[in-house]
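Hello,

Here is the structure I promised to hand over.

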Amino acid sequence: MVNVDVMLRCEQEYTDEKTGETFTLPYRVYYPSSYNESDSAKYPLLFFLHGHGECGTDNELHIRVLNKANRLINMVMEQDNCIIIAPQCPCNVKYEWVPVNHKWDTGSRELTPEPTMGLAAAMKILDKFLANDKVDKKRVYAAGISMGGYGTWELITRRPEVFAAAVPVCGSGIPSMADKLVDIGIWAFHGEEDGTVPAQGTRDMEKAIKEAGGTKMKATYFPGVGHDSWIPAYETEGLIEWLFAQSK
């Protein structure tokens with residue numbers, strides 16, 4: 001049985017260049033058991049963004065989903081061949097992954113000039129790991145649920161050159177910038193009866209990416225499923241195999 005509690009507890013201090021405000025973003029890290037800084041082995045990296053229900057500063061809630069197992073993190077840990085980074089943002093609109101002011105039904109939107117402080121701090125963590133030669137730069141993956149699904153779409157839109165693949169679940173993105181995502185393997189999931197983040201958000205991104213010429217985008221919609229589509233999404237056969245097969 002995988003025990004996510006073994007993930008290391010870390011913190012990232014971030015200072016906003018415009019306002020000078022400083023805050024600390026907690027995050028957890030998992031290193032494969034074979035990880036050794038002194039050898040030449042490289043590892044793929046999964047960057048996971050939690051949902052609003054896991055906001056906080058305890059560096060604990062976000063490695064599970066609503067106090068239950070996070071099946072995706074568990075399955076990746078079981079593979080024991082991938083670095084996992086899971087940051088946790090405070091429950092405050094300026095630190096959360098996307099600037100939707102808790103209006104989760106916002107759906108498709110435009111990209112703001114700057115990311116939220118929370119996403120900016122998360123990207124600073126990402127960049128720190130990307131600077132390490134232990135990370136396989138051709139196999140960097142993003143995933144997230146709900147607010148983190150929104151965040152995943154925004155993250156890969158802001159940094160498309162970084163990611164080989166993404167798994168956004170019950171989120172919405174930025175269709176007007178879909179051309180940036182045509183070379184990323186994307187498998188999106190959404191419940192058709194989602195009353196929190198409408199499935200149209202995923203449909204909009206699927207349509208926009210394919211119209212922009214993207215052939216690596218696919219989406220799965222679950223009839224009769226509401227907002228908790230991460231449950232069937234992470235039980236989808238072949239998901240982990242598909243993810244680790246993606247490379248730039």
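A disulfide here is a pair of cysteine sulfur atoms within 2.5 Å. Cys 91 is partly exposed, at 49% relative accessible area (buried is under 20%, exposed over 50%, partly exposed in between; 1.4 Å probe, protein chains only). Cys 170 is buried at 0%. Its sulfur lies 14 Å from the closest cysteine sulfur, also in Cys 55, again too far for a bond. The disulfide count is zero.

Before the rest, the ground rules. This is a predicted model: local features need pLDDT of at least 70, side-chain atom pairs count only at pLDDT 80 or more, and totals for chains, interfaces and linings use all residues. Residues are numbered from 1 along each chain as its sequence is written, and side-chain values use heavy atoms, with hydrogens and water left out.

Now the charges. There are 13 salt bridges (a side-chain nitrogen of Lys or Arg within 4 Å of a carboxyl oxygen of Asp or Glu). Among them:

- Arg 158 to Glu 154, 2.9 Å, N to O. They sit four residues apart in helix α3, residues 147-158 (helices are DSSP runs of H or I, at least four residues, numbered from the N terminus). Arg 158 is buried at 19%, and Glu 154 is buried at 0%.
- Lys 210 to Glu 206, 2.9 Å, N to O. Lys 210 is partly exposed at 42%; Glu 206 is buried at 16%.
- Glu 211 to Lys 207, 2.8 Å. Both are exposed.

A salt-bridge network links Asp 5, Arg 9, Arg 28, Glu 60 and Arg 64.

Best regards

Methods:
Helices (H or I, at least four residues) and strands (E, at least two) are DSSP runs, numbered from the N terminus.
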